[in-house]
Amino acid sequence: MAEFALGRSCAREALQALGAALAGIGIGQHREPLWPAGIVGSISHTAGIAVAAVAHADDFAGIGIDVEAARVLDPGLASLVCRPGELQRAGSASHDEGLAALLVFSAKEAVYKALWPILRCFLDFQDLEIMLDADLCSFRVRSHSPLCPPTLAAAVHGRTMLLEEGVAAAAWIPAPVPGSSLLPG
Ligand SMILES: CC(C)(COP(=O)(O)OP(=O)(O)OC[C@H]1O[C@@H](n2cnc3c(N)ncnc32)[C@H](O)[C@@H]1OP(=O)(O)O)[C@@H](O)C(=O)NCCC(=O)NCCS
């Protein structure tokens, strides 16, 4: 409950910094935050840390953020979250498979939140592949599911960050140019 309030407080600060009208941020049917009209945003909290990001919907179709407290994902969970190639690639870049798995996990949660306003459907961890750059700071996304068209996955940009307390990830999808759509058909 305290983290929920902290997240909402961060979100209100972010709205103020953007110059957006301050309005209540409701809770959607799928627990997604309900932003004021014309705004996209995202909230994350863990272990006493909360973060929020907002943007104008004219600029971004979706944004997602995630923070994760430092921990080693156990191998069973890591293999549920990560596709085989994903873990190998990130693990060999970081020489630390536990850290690599946590980064992939955080990136997937951020991407899921960024895609939500566009797809509004559940995606499994195996549905998307996170392609972390060699420096592990940025990533692109590939879809392995008919639920997420390949062109939409390719439109996602992502960043990851190592924190003292854990890891964080952000994902964003630029708004399509007027007259075009991120979804086929
Ligand atoms: C929704 C989900 C991503 C939240 O992540 P989490 O690590 O549990 O928790 P976080 O603190 O990072 O995020 C919680 C915030 O996510 C937001 N959120 C919840 N459901 C959401 C949704 N469907 N879309 C966008 N944001 C959502 C809420 O703002 C919530 O905070 P609040 O309850 O205080 O408003 C996670 O619970 C989930 O359902 N994951 C399964 C789906 C998934 O990640 N698939 C991966 C596809 S590759």
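Student: What radius of gyration would a compact globule with 185 residues have, and what does the chain have?

Tutor: The radius of gyration is taken over C-alpha atoms, and the globule rule is 2.2 Å times the number of residues to the power 0.38. For 185 residues the rule gives a value near 16 Å, and the chain has 16 Å, which agrees. Along its principal axes, the C-alpha trace spans about 45 × 45 × 30 Å. This is a predicted model: local features need pLDDT of at least 70, side-chain atom pairs count only at pLDDT 80 or more, and totals for chains, interfaces and linings use all residues. Residues are numbered from 1 along each chain as its sequence is written.

Student: How many helices and strands does the chain have?

Tutor: Helices (H or I, at least four residues) and strands (E, at least two) are DSSP runs, numbered from the N terminus. The chain has five helices and nine strands, in the pattern α-β-β-β-β-β-α-α-α-β-β-α-β-β along the sequence.

Student: In which order do the five strands of the open sheet stand?

Tutor: Strands of a sheet pair through backbone hydrogen bonds, either parallel or antiparallel. Two strands count as paired if DSSP finds at least two bridges between them. Here the order is β5-β9-β8-β7-β6, with antiparallel pairing. β5 and β6 (128-132) stand at the edges with a single partner strand each, so one side of each has no neighbour in the sheet. From one strand to the next the twist averages 25 degrees; axes are lines fitted to C-alpha atoms, for helices over the stretch in contact, and angles run from 0 to 180 degrees between N-to-C directions. Five bridges pair β6 with β7 (residues 138-143) in the antiparallel sense, and Glu129 stands opposite Arg142 in β7.

Student: Which helix packs on the sheet?

Tutor: Helix α4 does, touching β5, β6, β7, β8 (157-162) and β9 (166-174), and its direction makes about 150 degrees with that of β5. Contact means that the C-beta atoms of two residues, placed from the backbone, lie within 7 Å.

Student: How many residues of β3 are buried?

Tutor: Six of its eight residues are, which leaves β3 mostly covered. Eight bridges join β3 to the antiparallel strand β4 (residues 49-56), and Gly41 has Val54 in β4 as its bridge partner. The hairpin of these strands has two residues between them, and Ala47 takes a positive phi near 45 degrees there.

Student: Which residues are closest to the ligand?

Tutor: A residue is near a molecule if its C-beta atom, placed from the backbone, lies within 6 Å of it. The ligand is surrounded by 21 residues, the closest being Glu32, Ile43, Ser44, Lys108 and Trp116. Elements giving two or more residues to this shell are α1 (2-18), β3 (39-46) and α4 (97-119). With six residues, α4 gives the most.

Technical notes. Buried ≥ 20, exposed ≤ 12 C-beta atoms within 10 Å, placed from the backbone.
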